[in-house]
Amino acid sequence: MSTTDLQVHNPVEDLLRQDRIPTIWCPGCGIGTTVNSFAHALLKQDIDLNKTAIVSGIGCSGRVSGYMNLDSFHTTHGRAIPFATGLKLANPELNVIVYSGDGDLAAIGGNHLIHAARRNIDILVVCINNMIYAMTGGQAAATTPSGSLSTTSPYGSYEPELNLVQLVDAAGASFVARWTAYHVMQLERTLEKALKKKGFRFIEVLSPCPTYYQRKNNMGDALQAMLDYKKRSKIKHGCPTWETAIVPGGDIIVGEFVDREREDYLTRMRKQLGPHYSEFPPQWDEQESMGCSKEC
Amino acid sequence: MLTEIRIAGFGGQGVILATHILGRAASVHEGRFATMTQSYGPEARGGAASASLIVSDEPILFPYVTHPDILVVMSQEAYTRFTPEARPGGFLLVEEDLVRLDRKAQGLRIYGIPATRFAEELGKKMVLNVIMTGFLCAITGAISIEAARRSVADSVPARFRDLNLQAFDKGVQYGQELLVRGPQVLENSEELVLEGDV
Amino acid sequence: MTHADPRCVLTGTHFINGDAACCEGALAAGARFAAGYPITPSTEIVERFAARAPEVGGLFIQMEDEIASSIAIQGMVWAGQKAFTVTSGPGFSLMMEHIGFAAMTETPVVFVDVQRGGPSTGLPTLPSQGDMMQARFGSHGDYAIIALSPNSPQECFDLTVKAFNLAEEFRVPVMLMMDECVGHMTERVVIPPAEQIPVYPRRHTKKPPGEFRLFEPGEDLVPDMAHAGEGYKVYVTGLTHDERGYPSLSPAAQKKLVFRLFEKIRRAADRLVMVESDQLEGAEVVVVSYGITSRVALRAVQMARAKGIRVGTLRLICVWPFPEKLIRELAPKVKALVMPELNMGQVVLELERCAGGQCRVISVPHAGGTVHDPAEILAAIERGAQ
């Protein structure tokens, strides 16, 4: 049997940049698992993948944009959301997804997260929360559960951790959910739902980092992390987000917490501007720019 | 020929608009050169407000007014602060009901106008700045009355145009009348109260 | 080159300040999108843009800070629009990382810095030219940019248009280095009819998706562009990348990319030189200046000429890239080059380097807050003529 005989067509293959595989992610990392759910959710959508852009910041999860065969933007640390905001506002036809990590979106980019939710910018944000800065080697993050060990909290972290779903709920997001890398089917269904919704949508996905978080805190390998997620998770759709804090060893509340109707930024803008806003066709039509790029 | 003008008063009197009207008249309607600057910052809020204008037949290089040839003051604070900088022999145009003169004004050609009172008579206190622009044009000739009048018409909302043109004409008329009598020149007295209406 | 869209152009003779003129220049150049954060003395630009942009199908978004503004505009550009942001000293400092990102990703975008006195909060309402080196070197790593310096409201209009055109032509971030004085100064601004305003269109690829490589340079070393949503599946990263845009973290890839980012500007340097000169022939002393300082310097020059000193003037309209060749040719012919700046001596370092010891180089520094007293510049001219 030759090796080619073993090749089977992966249903999500076309959604990945094959020439970029293998990924940089460690064995047992949960990011790839979430990407699989995301790809399946995308394939089930009736959306034009040519009009779908994915934006990341910096970090392990920040590499997701570069593996997806979409318009991919790997921006600066913490700034995926404001880049995505500009992208969406300047071309509302685009489906814009931000895929990044907890350190990127919630610490260095925390202010942008708050304000994009407040403005209700029509983007979907997938936040992989591995509770640590993994790319830089396991430093404490804003999401690191209090008491955890990391390379910058060698005696155990003594900062309280940030509850991301509560934060974006309070800031006004239209849709807020949380799953773990264990909940692949549930995550896929929630992604499908979120992709269809308008407004600022936020999905937090807890993901193991066997290389740093799990190892540093004697939490075992990736399999152990999955068993841990399975054991500790409690599905509570509609749960008030102030009851969803993640504490070491405690329950992990997962589910779809917020699903509210709120006009997004551009809808509100057009309503407010009324007659002051006039639609305007793009200025450089294809013809014009094509004839000109070299001659002048 | 280069003329330095400063208009000063308190916030709400429209010193910026008055200066803008004159600058626009000189640069857009007369085709000369005009550079307007104004003071920003906390000190410009509420208290003293001032704006400066240079009008010239040649391109203007140095942008700031240092020793105004024409100083318009519409508040006591503005008078106190800016009069010492006026060019000796220059024009000092004052809102005479709001400014009490002293020896700082010595050596200047002084013309007073009860602009606020005139504005109230026209039904809107806000137009005192436009009265002042008309007055300035009539007294100093630094900017032509015709150009300034056109600039007033361009610079104010349509529904206030007639009122503002009336105000401008009132300033011009009063200035022309006063011109016949010549300037008041402050000699050695400590204080001088200008007369009201002619 | 095409020309401006008449619907965006306020053709006519106006009496407006430099900030307003800059806003009109951006609209004329085809920018309908802007992001910014209020900061004196630049705010008037976006205030006006917020009122004007919706009329032409655009928008201004006031972001939560300058960091967000400076990357949001790049999202707007990759969505297919022309966009810019506007700031002053403290905000400019916050934007530095994204100037580097724009340089690295060859995003055609315009940064306007209305300079005020610094360091730190400094003098919010008063002028300086203290950000000139920051404009060139402020972001980490090696890159090249273009920086223009207007000396009047009219030039705030003209050079804003120019800034957008250069950004598009070279796919590089262009800095418009205004200062509080030109920004807040009101003068006559003539806005020509739209058909007389040249506009450089986006260098969009003619190739179909699949055949197009996003960072494959043309003959002028500048790559053509494609946007999100067009089926090209663009890959844009701030990491060192290959011609596909894919991360390529090797010394060889770094060398290839960084050399090209430099070379595309360096190769065009002669064409990019924008100076205004007077009486260079036979001059003993040449006053080199830019921005508002050039006007004050000219007054000093007139005074010096009245004293019989043969003084020439050279005004840098494009400060970066610096007109190196011109200075190398000029230096051996004069006794001294005098450079007044509203800073403690920044661009004069480059002047000194290019003069290469062939003549004296006299800096006339100023801490900012106002412009020079022409007498200070005159004294330097007199020293140079000795």
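**Figure 1. Glu24(C) and Arg52(C), a buried pair in a predicted model.** Both Glu24(C) and Arg52(C) are buried (under 20% relative accessible area, with exposed meaning over 50% and partly exposed in between; 1.4 Å probe, protein chains only). The two residues form a salt bridge, with 2.7 Å between the closest N and O atoms; the term denotes a side-chain nitrogen of Lys or Arg within 4 Å of a carboxyl oxygen of Asp or Glu. The pair links distant parts of the chain, 28 residues apart: Glu24(C) lies in helix α1 (residues 18-28) of chain C and Arg52(C) in helix α2 (residues 43-52) of chain C. Helices (H or I, at least four residues) and strands (E, at least two) are DSSP runs, numbered from the N terminus. The model is predicted, so that local features need pLDDT of at least 70 and side-chain atom pairs count only at pLDDT 80 or more, whereas totals for chains, interfaces and linings use all residues. Residues are numbered from 1 along each chain as its sequence is written, chains are lettered from A and ligands numbered from 1 in the order in which they are written, and side-chain values use heavy atoms, with hydrogens and water left out.

Figure 2. Over all chains, the search of the whole structure finds 50 salt bridges. In chain A, Glu188(A) pairs with Lys44(A), the closest N and O atoms being 2.4 Å apart. Here too distant parts of the chain are linked, 144 residues apart: Glu188(A) belongs to helix α7 (residues 184-196) of chain A, and Lys44(A) to the loop between α1 (31-43) and β1 (52-56) of chain A. Glu188(A) counts as buried because its relative accessibility is 7%. In chain B, the side chains of Asp102(B) and Lys104(B) meet in a salt bridge of 2.9 Å, N to O. Asp102(B) is partly exposed at 23% relative accessibility, and Lys104(B) is partly exposed at 29% relative accessible area.

Figure 3. The domain assignment, which is automatic or taken from a database, gives domain 1 (2-199) and domain 2 (276-385) of chain C. Taken over C-alpha atoms, the centres of the two domains are 27 Å apart. In contact (heavy atoms within 4.5 Å) are 25 residues from domain 1 and 23 residues from domain 2 of chain C. The buried area is about 1900 Å², of which carbon and sulfur atoms give 57%; this quantity is the accessible area (1.4 Å probe) that two parts lose on being put together, summed over both. Gln129(C), Met133(C) and Asn151(C) supply 33% of the area that domain 1 buries against domain 2, more than any other three residues. The rule finds two salt bridges across this interface. The side chains of Glu187(C) and Arg295(C) meet in a salt bridge of 2.7 Å, N to O. The domain 1 side that touches domain 2 divides into 14 nonpolar, six polar and five charged residues; Ala, Val, Leu, Ile, Met, Phe, Trp, Tyr, Cys and Pro count as nonpolar, Asp, Glu, Lys and Arg as charged, and the others, Gly among them, as polar.

**Figure 4. The interface of chain B and chain C.** Contacts involve 19 residues of chain B and 23 residues of chain C. The area buried between these chains is about 1700 Å², with 60% given by carbon and sulfur atoms. Tyr40(B), Leu61(B) and Phe62(B) supply 38% of the area that chain B buries against chain C, more than any other three residues. The count of salt bridges between chain B and chain C is zero.

**Figure 5. The interface of chain A and chain C.** The contact takes 51 residues from chain A and 61 residues from chain C. About 4800 Å² is buried between the two chains, carbon and sulfur atoms giving 57% of this area. Two salt bridges are counted between chain A and chain C. Arg119(A) and Glu64(C) meet through their side chains in a salt bridge of 2.8 Å, N to O. Elements that give two or more residues to the chain A side of the contact include β2 (71-74), α3 (80-90) and α5 (110-119) of chain A. α3(A) gives the most to this side, with seven residues. By class, the side of chain A that touches chain C has 21 nonpolar, 19 polar and 11 charged residues.
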